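Let's take a walk through this model together, one piece at a time. Have the sequence and the 3D view open as you read.

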Amino acid sequence: MEVNGDKANACRWGMFIISIGCSIVFSSPIAAQTVGDPAKAQMQEMDRRELQLNNLGGEKERPNDPKRSQAIIDQVSEDFQRILTLHNEIVRAIAANRSLSYQFISEATGEIRKRSARLQSSLKLQKPEAKAENRGTGTDLKVMDTKDELILLCKQIESFVRNPIIDKPGTVDAQQLGKARKDLQSIVELSEAIKKHVDKQKP
């Protein structure tokens with residue numbers, strides 16, 4: 001399913017993700033930005049509780065660097081918007097039964113992989129170490145055709161951006177936070193696997 005409104009949704013979801021990520025990257029709140037703004041105050045409170053859920057409260061606080069903070073916010077917003085844009089391009093092509101060139105698929109999945117991996121790092125949403133039997137996406141891509149692989153990737157992206165932690169400000173749920181972490185890891189793994197697959201089929 002296409003995610004409507006690339007820029008609008010990227011900004012909306014991106015800011016919710018940023019509210020989680022920046023609270024983790026910069027342990028001390030930016031109080032000056034929330035004075036007199038209940039919405040921002042609510043998001044700041046969500047940030048604080050996310051830190052607790054992630055058991056990151058013990059990390060040493062680092063002085064807030066406004067320039068670095070803004071640079072990370074801009075990068076996260078850009079990464080998020082590009083992932084959504086590429087998602088929608090793929091969905092439109094599949095819905096219209098248009099064929100996608102191996103070149104486009106390779107470039108799109110490569111970019112999705114790069115940007116989702118960077119989101120993991122920026123937002124401290126790396127997948128926790130898991131038992132060997134639980135590693136991987138849980139889907140055998142070897143038996144799927146490229147179209148089905150792309151559909152699976154798009155569904156994973158949709159699951160991530162529609163997670164209540166991101167979609168509904170103020171939601172604090174350790175289970176949903178874990179799901180967001182897992183979904184983002186799956187996006188990284190799927191996009192990487194699809195790129196490798198299509199690269200082997202390039203003429």
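N163 is buried, because its relative accessible area is 1% and buried means under 20% (exposed is over 50%, partly exposed in between, using a 1.4 Å probe and protein chains only). You'll find N163 in the loop between α5 and α6 (164–167); helices here are DSSP runs of H or I with at least four residues, numbered from the N terminus. Leaving out residues up to four places away in sequence, N163 touches Q176, K179 and A180, where contact means heavy atoms within 4.5 Å. A polar atom of the N163 side chain also sits 2.9 Å from the backbone oxygen of Q176.

A quick word on what you're looking at: this is a predicted model, with local features needing pLDDT of at least 70 and side-chain atom pairs counted only at pLDDT 80 or more, while totals for chains, interfaces and linings use all residues. Residues are numbered from 1 along each chain as its sequence is written, and side-chain values use heavy atoms, with hydrogens and water left out.

Now for α5 itself. Its 16 residues should span 22 Å at 1.5 Å a residue, and the end C-alpha atoms are 23 Å apart, so the two agree; the expected span is 1.5 Å times one less than the number of residues.

In soluble globular proteins, nonpolar side chains tend to be buried together.

How do α3 and α4 meet? Their axes come within 9 Å and cross at roughly 145 degrees; axes are lines fitted to C-alpha atoms over the stretch in contact, and angles run from 0 to 180 degrees between N-to-C directions. Residues of α3 including V76, F80 and I83 meet a set in α4 that includes I112, R115 and L119.

Last, the loops. N97, between α3 and α4, has a positive phi of about 55 degrees although it is not a glycine, and N97 counts as exposed at 64% relative accessibility. L123, in the loop between α4 (102–122) and α5 (146–161), counts as buried at 2%.

Key
Helices (H or I, at least four residues) and strands (E, at least two) are DSSP runs, numbered from the N terminus. A polar contact is a pair of N or O atoms within 3.5 Å; within protein, one must be able to donate a hydrogen and the other to accept it, and residues adjacent in sequence count only if both atoms are side-chain atoms.
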